[in-house]
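Keep the sequence and the model side by side as you read.

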Amino acid sequence: MDNKDLEAEIHPLKNEDRKSQENLGNQLKNEDNLKSTHLQSRLSRCRTVAFFLSLFVCLLVVFVVSFIIPCPDRPVSQRMWRIDYNAAVTYDFLAVEDINRDRIRDVLFLYKNTNGINNFNQSCADEGLSSPCAFVAAVSGANGSMLWERPVAPDVALVKCAVSQPRGSEVSSACILVGRPDSVIAVDLFTGETLWTRPGSPGGNASILSPLLQVPDVDGDGAPDLLILAREEEEVNGYIYSGSTGHQIGHRGSLGIDGESGFLLHVTRTGAHYILLPCASSLCGCSVKGLYEKVTGQDGPFKKDPLWENMLNATTCRMLVHSAGAVRYLVRVPGKASADVLLVGAEACVLLDGQELTPRWTLGTAQVLRKPIFGHYEPDTLAVVIENGTGIDRQILLLDLSTRAILWSHALPSLPGSPPSSSLPTADHRSAFFFWGLHELGSANQTETRAAWHSLYMFHPTLPGLLLELANVSANIVTSDVVLFEPSRHAAYVLLTGPASSDMPGLVSVIKHKVRDLVPSSRVVRLGEAGPDSDQAIRDRFSRLRYRSEV
């Protein structure tokens, strides 16, 4: 007999207890399974509710943002606007900054008149100035409306905008103006309010040299300070002013040489600051540290560069490079500290190494018409535009900056005093170039009347056999520029026209035209074998150009 059956017969009660315990265990296990299933079902329902609730909230937020909350109004930028001043004269100055914070850059300029524009009711007498006087004005880049204007001085020698100005816990920006005969003025960039006015030290007989330089903060007020150079009795003197208050720091300091306008502030690899300026047929260098010690008698917060100190032979200023003919322009190549320097002389252009000032290459030229500009002919490869020759003999050269190889050249006659050329970076990492020349380039029916007009030509490296004539201007152009008014969107050219002589007041105009809106009515100029594309197809390609903001 089986052991279990035998045990059941011997102990029947014990067997009954065992069966009841097994039944009770099974019952408890079933109850636990039921509770677990019920809990899982409840959690599943909670997850479902949470999912749909979060989905509903997301859809509600999207709906509110898309249809209920109004989007910020984006200002409508007019394709063209114009402002006129009668019986006025103007200055060779244009700047663009976003003044009214509408994300469209605005235009700053100078003019000289008895009164400001009518709706601002400003006059020279409001600032204690005799009439006529110089005004600084800011107009909207979107529609040309006047943002502010301010009479500042009897005359203006130098101006620099977007200079940092600490105001309490905030940092604002200002335009710094050096007025004639002897004043330095700071005007708030955003409001036109006069922040401070200080008497300037250069006397009435001094010739103030351009440009106005910013040097590192030497008085510890948190703002870059200002360096003004003036030529007095065949000697250049330096004056340092506080960038936040306008007070002169120290006294006048002589550079010990005779120089001319067109100098620049150069920073070496060690972070040392030196002034490079044309002096006769040479390039001279001056230590900013040495000049500061001379005007204050103190050791300033400036570094030294052993190589440069050796070249200067421990003196403040000395000739560094001899030039073949007079030095006409000094141009800092875009880049990092110790960037190279392009020296433009009367007989040659020389690219100098930014640290050792040794020639990288030399280009013999006949006569450079104006200051060179930079752009990109090949993607991300820097090129320089040299305008060689004058008048009808002018030739445009695009050179590879690293090798001096000629990438593109063309004869482009121009009028005396033509505006400077410009370039804008495009989305393909090249640049669009803008040149001013005579109107009748490439036209068979030349007329004396139209040939005297300035014409604006557009060139892009992907179409090397073509120019696009965008606009014709018969007025005297004081200065012009082609700029991006909105990042990557809104390229336009700005003209400042006025009388050729400051002794004869006349009509002064500030004009803006969108480049893209000028393309459909432009004239295609073929420079040779330019391919089979029609004129309209070429205009379409220029219309599709997209621009990018410079870093």
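The model is predicted: local features need pLDDT of at least 70, side-chain atom pairs count only at pLDDT 80 or more, and totals for chains, interfaces and linings use all residues. Residues are numbered from 1 along each chain as its sequence is written, and side-chain values use heavy atoms, leaving out hydrogens and water.

The structure holds three disulfides. A disulfide here is a pair of cysteine sulfur atoms within 2.5 Å.

Start with cysteine 124 and cysteine 133. Their sulfur atoms sit 2.1 Å apart. The angle about the S-S bond is -95°, and this link is left-handed. Cysteine 124 has a relative accessible area of 0% and is buried. Buried means under 20% relative accessible area, exposed over 50%, and partly exposed in between (1.4 Å probe, protein chains only). Cysteine 133 is buried too, at 0%.

Next, cysteine 161 is joined to cysteine 175, S to S 2.0 Å. The torsion about their S-S bond is about 105°, so this disulfide is right-handed. Cysteine 161 lies in strand β5 (residues 155-167) and cysteine 175 in strand β6 (residues 170-180), so the pair ties together parts that are 14 residues apart in sequence. Strands are DSSP runs (E, at least two residues), numbered from the N terminus. Cysteine 161 counts as buried at 14% relative accessibility. Cysteine 175 is buried at 0%.

Then comes the link of cysteine 279 to cysteine 284, S to S 1.7 Å. It is right-handed, with 75° about the S-S bond. Both cysteine 279 and cysteine 284 are buried.

Now turn to two further cysteines. Cysteine 58 is partly exposed, with a relative accessible area of 47%. Cysteine 349 is buried, at 0%.

Methods. Helices (H or I, at least four residues) and strands (E, at least two) are DSSP runs, numbered from the N terminus.
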